[in-house]
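Visitor: I am new to this structure and would like a guided look at it. Could you take me through it step by step?

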Amino acid sequence: MPESSPETHVIDFRAAEQLLAARDPRGAIRLLDSVITAHPENTAARLLRARAFFLAAQLRPAELEFQIVLEREPDNAFAHFALGRTLERAGRSEEALRHFRLAAALEPRPEFIEAARFASGAGNADRDPGSPDRDPE
C-alpha cells in the first residue's frame, strides 16, 4: 500500500467528489475514511462524507457527520439543510423542520425556504442534499 501524504489525501478527496458525482457513494466513503483518519479536523471532508452516507442510505452515520460539521460551523446553512433532509428521510419530521428553518434563516435559498415550509410544499426527502455551492434546481 502506498504511503499516505497530504498530496494523496487531496487526490483522494477530489476522487471522492468525482465518485459522489457519479453516484458511487460507497466508493467515496472508502476514500474519505482515510482522509478523515489523517485529518479529523477537515470539515470539508466530513461534509462530503456525510453526503456520501446520505446517498448510501446510511442515515445514522450521515446524521453524526452533519452534527460534527454543525458543532464546528453552527452557521453552515447547507449542513442544517442536509441534516434536515437526513432526519426527514429517517422519519423524524419534527427534528428535520427545526434544521430546515435554521437553514432558511441563515441563507434564504429557495430550496431551504421550501423545506422550511415558509413557501408551499414540503420538499423531497429522497433527493441528494447536494453540494453547498450547487445552484438551486
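Visitor: Which residues does Ala50 touch, leaving out residues up to four places away in sequence?
Guide: Keep in mind as we start that this is a predicted model. Ala50 has its place in helix α3. Once residues up to four places away in sequence are set aside, the residues Ala50 touches are Ala62, Glu65 and Phe66.

Visitor: Is Ala50 buried or exposed?
Guide: The cut-off for buried is under 20% relative accessible area. Ala50 has a relative accessible area of 0%, so Ala50 is buried.

Visitor: What span should α3 have at 1.5 Å a residue?
Guide: Helix α3 has 13 residues, and its end C-alpha atoms are 18 Å apart.

Visitor: How far is the C-alpha atom of Ala82 from that of Ala50?
Guide: Ala82 sits in helix α5, which covers residues 77-89. Its relative accessibility is 0%, so Ala82 counts as buried. Along the chain, Ala82 and Ala50 are 32 residues apart, yet the separation of their C-alpha atoms is 8.7 Å.

Visitor: And what separates the C-alpha atoms of Ala50 and Ala79?
Guide: These two residues are 29 apart along the chain. Between their C-alpha atoms, the separation is 9.2 Å.

Visitor: Which residues does Thr86 touch, not counting residues up to four places away in sequence?
Guide: Thr86 is also placed in helix α5. With 2% relative accessibility, Thr86 falls under the 20% cut-off and so counts as buried. The residues it touches are Phe54, Leu59, Ala62, Glu63 and Phe66.

Visitor: Where does α2 bend?
Guide: Helix α2 runs over residues 25-38 and has 14 residues. From its first C-alpha to its last it reaches 20 Å, close to the 20 Å expected. It bends by about 25 degrees, and the place is Leu32.

Visitor: What covers the buried residues of α2?
Guide: Leu32 is one of the buried residues of α2, along with others including Ile29, Val35 and Ile36. What covers them includes α1 (6-21) and α3 (43-55).

Visitor: What is the phi of Arg23?
Guide: Most residues other than glycine have a negative phi. Arg23 lies in the loop between α1 and α2, and at 54% relative accessibility it counts as exposed. Although Arg23 is not a glycine, its phi is positive, at about 65 degrees.

Visitor: Which loop holds Ala57?
Guide: Ala57 is another residue other than glycine with a positive phi, near 60 degrees. Its relative accessible area is 47%, so Ala57 is partly exposed. It is found in the loop between α3 and α4.

Visitor: How many cavities of 30 Å³ or more are there in the whole structure?
Guide: The largest cavity holds about 30 Å³ of space. A search of the whole structure for cavities of 30 Å³ or more gives a count of 1.

Visitor: Which helix gives the largest share of the lining of the largest cavity?
Guide: The lining consists of Glu88, Ser93, Ala96, Leu97, Phe100, Ala115 and Arg117. By type, these divide into 4 nonpolar, 1 polar and 2 charged. The largest share, 4 residues, comes from residues 93-106, helix α6.

Visitor: To finish, how many helices and strands does the protein have?
Guide: From the N terminus on, the elements run α-α-α-α-α-α-α. The protein has 137 residues, of which 43% count as buried. As for its elements, the count is 7 helices and 0 strands.

Methods. Residues numbered from 1 in each chain as written. Predicted model: local features only at pLDDT ≥ 70, side-chain atom pairs only at ≥ 80, totals over all residues. Heavy atoms only, no water. 1 Å grid on protein atoms, 1.4 Å probe; cavity = no way out; pocket = protein on both sides within 12 Å on 5 of 7 lines; lining within 4 Å. Points joined across faces, edges and corners; volume = space filled by probe spheres on them. Helix = DSSP H or I, 4+ residues; strand = E, 2+ residues; numbered from the N terminus. Nonpolar A, V, L, I, M, F, W, Y, C, P; charged D, E, K, R; others polar. Expected span 1.5 Å × (residues − 1). Bend = angle between axes of the 7 residues up to and from the residue. Buried < 20%, exposed > 50% of the residue type's maximum accessible area, 1.4 Å probe, protein only. Contact = heavy atoms within 4.5 Å.
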